[in-house]
Amino acid sequence: MDLAPELSKQLDEAARVIVASQHVVALVGAGLSVESGIPPFRGPGGLWTKYGEPDMFGYQRFLEDPKRWWQERITRTPAYQELMEALEGARPNPGHYALKEMEELGFLHHIITQNVDNLHYEAGSRAVTEIHGNYRKLRCIRCNTRWPREEFPITEIPPRCPHCSGLVKSDTVMFGEPIPSDALEECIRQTAMCDCMLLVGTSAVVYPAAGFPVDVKRQGGKLIEVNPMETNLTDLCDVVIRAPAGKALPALVERLRHLSGKS
Ligand code: APR
């Protein structure tokens, strides 16, 4: 693939940093799935750009009247409708497969994804934490048990957990909802071990995810940004790859294969 010299230079540097690192973690955002046809949230074509960002009280409304929330799920907001239609038809793109290959080559130890689209698993990645949940799953908000939607018979509204009778909702984390404790603990554990974080397609404005790269930097780790646009974290990054993930990540894997003699 013929790349602009500057891009090629940044990719060479990124590969060198990754090969020299012990524990590489990717922090993934909606930008990785843009090339799978799923709109991002912010910036050009973003769902929040188009429809406005939801308020922080969605989870509060759910807790106040879970029965109503479950009934209203039938009537979706335009943003939700557009996102769900894009999610249902989406397939992994070369960026997802490149991250899977990096894992197989031993250069990527974990993916912390903010995406709920399930595409990392579909691409074959295994070491994944879905910090904002997975749209195909349901979750008990008390014991964090999760089920594929199709494997949870909804016999009552709101559905209750068979293990602890806790309320069951979509696994997708709502605005105002705490990150499930098991997912958060794993993200913190991975970040603590991380000496190189690959920031792929995230605007890095939503916490706690946006805080992980700062923690990595604070503990002496390196940051590599893969994003066609500048972000809040660009100035903190050691390497900036100003390109779409679907193009940059396969080129990065090519270099990693070459450096490790596996090409
Ligand atoms: N390749 C890489 N990055 C891209 C691409 C691409 N092809 N296209 C767009 N981007 C970048 C944009 O420049 C932007 O920086 O992806 C980023 C998308 O930012 P957001 O839409 O804010 O997505 P994200 O960072 O994942 O948002 C975090 O906000 O609303 C919540 O729950 C939602 O998980 C989401 C969280």
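**Entry 1: the model.** I reminded myself that this is a predicted model.

**Entry 2: the ligand.** I started with the surroundings of the ligand and found 22 residues there. The closest are F41, R42, W48, T202 and S203. I then went through some polar atoms. A polar side-chain atom of E35 sits 2.9 Å from a ligand nitrogen atom. For G31 it is a backbone N or O atom, 3.4 Å from a nitrogen atom of the ligand. On the oxygen side, I found an N or O atom in the side chain of N227 at 2.8 Å from an oxygen atom of the ligand.

**Entry 3: Q114.** Where does Q114 lie? I found Q114 in the loop between β2 (110–113) and α8 (119–123). I count Q114 as buried because its relative accessible area is 13%, under the 20% limit. Leaving out residues up to four places away in sequence, Q114 touches L27, V28, G29, I131, H132, T202, V206 and A209.

**Entry 4: L223.** Next I clicked on L223, which belongs to strand β8. L223 is buried, with a relative accessible area of 0%. Beyond four places in sequence, the residues L223 touches are M197, P213, V216, K217, L236, C237, D238 and V239. I also checked L223 against F152: they are 71 residues apart in sequence, and their C-alpha atoms are 40 Å apart in space.

**Entry 5: helix α6.** Helix α6 covers residues 78–89, 12 residues in total. From first C-alpha to last, α6 reaches 17 Å, close to the 16 Å expected at 1.5 Å a residue. Which residues of α6 are buried? I listed A79, L83, M84, A86 and L87. They span an arc of only 165 degrees around the axis, so they lie on the same side of α6. P78, E85 and G89 are exposed on the other side of α6. I noted α3 (47–51) among what covers the buried residues of α6.

**Entry 6: helix α11.** With 15 residues, α11 reaches 20 Å between its first and last C-alpha, close to the 21 Å expected at 1.5 Å a residue. Its buried residues are A245, G246, A248, L249, A251, L252, V253, R255 and L256. What do the buried residues of α11 pack against? My list has the helices α1 (5–19), α2 (31–34) and α7 (94–105), plus the strands β7 (196–200), β8 (222–226) and β9 (239–241). Just after α11, I spotted G261 with a positive phi of about 70 degrees.

**Entry 7: the cysteines.** How many disulfides are there? I got 0 disulfides, with the cut-off for a sulfur pair at 2.5 Å. For C187, the closest cysteine sulfur is that of C194, and at 12 Å it is too far for a bond. C237 is in no disulfide either, with the nearest cysteine sulfur, in C196, 10 Å away. I looked up the burial of both: C187 is buried at a relative accessible area of 0%, and C237 is buried at 13%. C237 had already turned up in my notes, as one of the residues that L223 touches.

Terms used
Residues numbered from 1 in each chain as written. Predicted model: local features only at pLDDT ≥ 70, side-chain atom pairs only at ≥ 80, totals over all residues. Heavy atoms only, no water. Buried < 20%, exposed > 50% of the residue type's maximum accessible area, 1.4 Å probe, protein only. Helix = DSSP H or I, 4+ residues; strand = E, 2+ residues; numbered from the N terminus. Expected span 1.5 Å × (residues − 1). Arc of directions from axis to C-beta. Contact = heavy atoms within 4.5 Å. Near = heavy atom within 4 Å. Polar contact = N/O pair within 3.5 Å; in protein donor to acceptor, adjacent residues only side chain to side chain.
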